[in-house]
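User: I have not looked at this structure before. Could you take me through its main pocket and some of its helix packing?

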Amino acid sequence: MATRPGALAGARIAGERFARSRRQQNPEGRMPLLDHLRELRNRVVKMALALAAGMTAGFVFFGPAWHVIERPLCSAHIRNQIGCHALGVNQLVLNGPLDAFYLRVKVALIAGVILSSPVWLYQAWAFAGPGLHAREKRWGYIFLGAAIPLFGTGITACYLSLGRSMRYLLGLTPGGAANLIQVDQYLSFVMAMMLAFGLAFEVPLLIVMLNLAGILTHERFAKWRRVLIFAVFLIAGAANPSPDPVTMVILGGICAVLVEAAEVIVWAHDRRRSRLHPDPYAGLADGELSPLPSGARERS
């Protein structure tokens, strides 16, 4: 009777041979439409299960999650008050009897999306990956690996600046007026700010992608640098849901630094490309004829 390690090794070898034979029969990885739909269904089910598990964790740990969300407001000094305990200054309120339940559902959904993001990102990539070539897969891994940290950095920067935004915005309230901040509106504002910061931090990655695609060269980038930096601040102001100028300057300044870092990558890539694939027409005047290749001169 075969031992368990030997049986496992035999099963692994048989599986590798079967997969190798399938690749030889179908080297391009083509699948019928029904197989694509079944694959999509399986991926979506796995995403839904991961999201449900994350939402369950969000319901269980609602207290700590909500404390993280309300901290930017409750830690800000607003009209000499701090702590979300001053009615009419910085206290969050619920209007309806079902608002408390809806709040828990929304916080659980946000926590579920964040906690399950590695799973649904992998499932989305696993569904699209087999249809890509080896070079496209390599760049896809690089961009996916860069996009997630950039998005997370943008969310972190937003969270750290939300207290300053709350202090500025609520500090504009005139005397005699009270602030009764609805929880739903505050939650929507925080999520919109984080999304805006996260997407704004993806601008340098977009610049690098355009360069790798051959659309944006460093020469063109250097020519339009001032316009691009101005556009970055303009996008930061448009993407920022808050009219707070301090937040806009923080977002625009960080994005400008990231754009300059992207310029260094673009410059290095163009330099490497010109070294490996030199342009035969570089350095020629407008009316100067280009030299014929050596093979053409020999034939003539």
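User: Which helices each supply at least two residues of the lining of the largest pocket?

Analyst: The model is a predicted one. Its largest pocket holds about 910 Å³ of space, and 24 residues line that pocket. The helices that each give at least two residues to this lining are α3 (62–74), α4, α5, α6 (134–171) and α7.

User: Which of the lining residues are the closest to the centre of the largest pocket?

Analyst: The lining of the largest pocket divides into 22 nonpolar, 2 polar and no charged residues. Out of the 24 lining residues, those closest to the pocket centre are Ile110, Val113, Ile114, Phe151 and Ile155.

User: How are α4 and α5 oriented to each other, roughly parallel or oblique?

Analyst: Helix α4 covers residues 99–115 and helix α5 covers residues 117–128. Their axes lie 5 Å apart, at an angle of about 55°. An angle under 35 degrees would count as roughly parallel; α4 and α5 are therefore oblique.

User: Which residues of α5 meet α4?

Analyst: On the α4 side, the contact is formed by Val113, Ile114 and Leu115. By class, the contact between α4 and α5 has 5 nonpolar, 1 polar and no charged residues. The α5 residues in it are Ser117, Pro118 and Trp120.

User: Is the crossing of α4 and α7 left-handed or right-handed?

Analyst: The axes of α4 and α7 are 11 Å apart, and the two helices pack at an angle of about 15°. That angle makes α4 roughly parallel to α7. Their crossing is left-handed.

User: How many charged residues are in the contact of α4 with α7?

Analyst: From α4, the contact takes in Leu103, Lys106 and Ile110. From α7, Val183, Asp184, Leu187 and Met191 take part. By class, the contact of α4 with α7 has 5 nonpolar residues and no polar ones, and its charged residues number 2.

User: What is the orientation of α7 and α11 to each other, oblique or roughly parallel?

Analyst: Helix α7 spans residues 183–200, and helix α11 spans residues 245–276. Their axes come within 10 Å and cross at roughly 25°, in a right-handed crossing. Angles under 35 degrees count as roughly parallel, so α7 and α11 are roughly parallel.

User: Which residues of α11 meet α7?

Analyst: Met193, Phe197 and Ala200 are the α7 residues in this contact. The contact of α7 with α11 contains 5 nonpolar, 1 polar and no charged residues. On the α11 side, the residues are Thr247, Leu251 and Cys255.

How values were computed. Residues numbered from 1 in each chain as written. Predicted model: local features only at pLDDT ≥ 70, side-chain atom pairs only at ≥ 80, totals over all residues. Heavy atoms only, no water. Axes fitted to C-alpha atoms, helices over the stretch in contact; angles between N-to-C directions. Helix = DSSP H or I, 4+ residues; strand = E, 2+ residues; numbered from the N terminus. Parallel < 35°, antiparallel > 145°, perpendicular 65-115°, else oblique. Contact = heavy atoms within 4.5 Å. Nonpolar A, V, L, I, M, F, W, Y, C, P; charged D, E, K, R; others polar. Left-handed = near helix turned anticlockwise from the far one by under 90°. 1 Å grid on protein atoms, 1.4 Å probe; cavity = no way out; pocket = protein on both sides within 12 Å on 5 of 7 lines; lining within 4 Å. Points joined across faces, edges and corners; volume = space filled by probe spheres on them.
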